[in-house]
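Subject: Structure handover

Hello,

Here is the structure for you to look over. My notes on what was found follow below it.

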Amino acid sequence: LLPTTFIMTSFPVDQTRAFGKLILFGEHFVVYKVPALVGAVSAYTDCKLEYTTEPGLEVIDNRPAVPLYKEKKMDEGIEAINLTLTHLGVDTKKSGVKLTFGGDLCCASGIGASAAQVVSLARAVNIADSRSLSEDEINAAGYEGEKGYHGTPSGIDNTAATFGGLLRFQRTEGAPIFDKKTLVSPIRIVYASTGITASTTEVVGDVREKKEADEAWFADLIGKYTKLCEEGQKAVEEGDMDKLGKLMNLNHEYLQELTVSCKELDDLVVAARAAGAVGAKMSGTGRGGLMIALTPTEEIQNEVGSALEKLAPQVWKTTFA
Ligand code: MEV
């Protein structure tokens, strides 16, 4: 009898790492082809791919996650995996595929867990098939996968997941434009989860409806945001944390005007500022998900972290360097 599973004993999972991300400026606006700033966190998702003799797809998901995240994202996740595999020419009707996802990235709305999952999958296909996909090809496969989570991804999450670092990102009619920022000083962040898992498809769809209902209002808001993002880049380049914090606060106001924030996010933002953060905003899709706070020193980072732990179900620290 043939064994049903061919186990690769030395699959180099550490070469399949794909990072989570936090958006400093520009969630939602970035869908409409204006620049955004995004930082990859050091936490990652990895993936092991084994071909099995029985056709079909088996997914073992060992990623840590906030409660209910995996249940809510189950169908979209399978769709995203299938889109990525199809893009890479892997046909699970012909050869069986067993995927095991792991890593230390805690899945929560806003952290780019979906992008990290599909980018790590693309890396795993690359290794299992001994292909020599370029980083751009890995990123492109991740972008296709992201479409499983929502129809019109900007590409910001998969790009951060693939390349890491702090990136200026802009979607265009063609390939996106992005470049890595060199930082003059580290950017210390505390980020906290509301514990609420939002649907990116729904929230991005609502923003589109609001835009189409009042194009003049949206044009004015995105114009103000674009100016803010330019100033934000300058603040990053100059290592001016006070300015960066003020701009994050203003970006949060613009997101409130877009109606993508919510009481839980606003409460965390207020608490972070009261505990010493020089700026705080929601990050990612919104209507739940994450908020990020800028904390210039280790001491402030610890203080803000402790204050938020009293309010939020999960709190993390990261530093863009
Ligand atoms: C999600 O992390 C960021 C959004 O701007 C969607 C996207 O850019 O694809 C809300």
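Predicted model: local features only at pLDDT ≥ 70, side-chain atom pairs only at ≥ 80, totals over all residues.

The crossing of the two helices is right-handed. On the helix 1 side, the contact involves Ala80, Leu83, Thr84 and His87, which meet Ala141, Glu144, Gly145 and Glu146 of helix 3. By class, the residues of this contact are three nonpolar, three polar and two charged.

**Domains**

The chain is divided into domain 1 (13-180) and domain 2 (187-320). Their C-alpha centres are 23 Å apart, and the contact takes 32 residues from domain 1 and 34 residues from domain 2. On the side of domain 1 that touches domain 2, the elements giving two or more residues are strand 1 (18-25), strand 2 (36-52), helix 1 and strand 5 (166-170). Strand 2 gives the most, with five residues. That side of domain 1 has 20 nonpolar, nine polar and three charged residues.

**Ligand shell**

The ligand is surrounded by 13 residues, of which the closest are Glu27, Pro153, Ser154, Gly284 and Thr285. Helix 4 (156-163) and helix 5 (200-213) are the elements that give two or more residues to this shell. Its make-up is five nonpolar, six polar and two charged residues. Domain 1 and domain 2 each supply at least three residues of the shell.

Regards

Conventions. Residues numbered from 1 in each chain as written. Left-handed = near helix turned anticlockwise from the far one by under 90°. Helix = DSSP H or I, 4+ residues; strand = E, 2+ residues; numbered from the N terminus. Contact = placed C-beta atoms within 7 Å. Nonpolar A, V, L, I, M, F, W, Y, C, P; charged D, E, K, R; others polar. Near = placed C-beta within 6 Å. Domains from an automatic or database assignment.
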